[in-house]
Amino acid sequence: MALREILTEPNRVLRQKSLPVEKVDEDLRKLIDDMLETMYAAPGIGLAAIQVGIPKRVIVLDIAQKEGQKNPMCFVNPEISEKSKNNSTYEEGCLSVPGQFAEIDRPDQCYVKYLDYNGEPKEIKATGMLATCIQHEMDHLEGILFIDYLSKLKKTMIIKKLSKQKKAIERIVV
Ligand code: NI
């Protein structure tokens, strides 16, 4: 397993649409293992492949970490088959938008079809925080970030801040 670099906004790669996985093979499982290791090290509770620069429809999640347990989940080619009409609101952050948080409304329930770690087709009903996390990660596969749901002004402010942070980091490295 290896840690991968997490791309941060602004970065055009994050805006790319990810492509379906054709086969769940050893190479893909290696990517999933790396993504989980990278997510745990960050630390974060979710990561999409595009965040480490790979435009494949793969996401990993672990929302059990808060209770000190580990429950790694991975979803290959996830598709939402049904969403509830009721919304829930969570304060969201993102490893690709470091240090920024905002309240986002999303459907509070969804059914998700996907392939698991072994390439087996599965379906789950996600509710609460899991539903929000899956939808946040699936947005990454379309090149969408949570800041896209904010007002133009707020979004511009956040991107400006992140650009400044990036420049500051580069200055130290140089
Ligand atoms: Ni994210």
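Helices here are DSSP runs of H or I with at least four residues, and strands are runs of E with at least two. Counted that way, the protein in this predicted model has three helices and seven strands. Walking along the sequence, the order reads α-β-β-β-β-β-β-β-α-α.

As for overall shape, a compact globule of 174 residues would have a radius of gyration near 16 Å, and the protein agrees, with 16 Å. Its C-alpha atoms fill a box of roughly 45 × 40 × 35 Å along the principal axes. Of the 174 residues, 41% are buried.

The accessible surface comes to about 10000 Å², and carbon and sulfur atoms hold 52% of that. The protein carries 26 positive and 26 negative charges, whose mean positions lie 8 Å apart.

Then there is the metal site. A nickel ion is coordinated by SG of C94 together with NE2 of H136 and NE2 of H140, at 2.1 to 2.2 Å. Along the chain, these donors follow the spacing C-x41-H-x3-H. The two histidines, H136 and H140, both belong to helix α2, which covers residues 128–141. They are four residues apart there, or about one turn of the helix. Buried means under 20% relative accessible area, so H136 qualifies at 7%, and H140 does as well at 1%.

Definitions and conventions: Residues numbered from 1 in each chain as written. Predicted model: local features only at pLDDT ≥ 70, side-chain atom pairs only at ≥ 80, totals over all residues. Heavy atoms only, no water. Donors = N, O, S within 2.8 Å, 3.2 Å for Na, K, Ca; no water. Buried < 20%, exposed > 50% of the residue type's maximum accessible area, 1.4 Å probe, protein only. Rg over C-alpha atoms; globule rule 2.2 N^0.38 Å. Areas by Shrake-Rupley, 256 points an atom, 1.4 Å probe, with all protein chains shown as cover. Lys, Arg positive; Asp, Glu negative; His and termini not counted. Charge placed at Lys NZ, Arg CZ, Asp CG, Glu CD.
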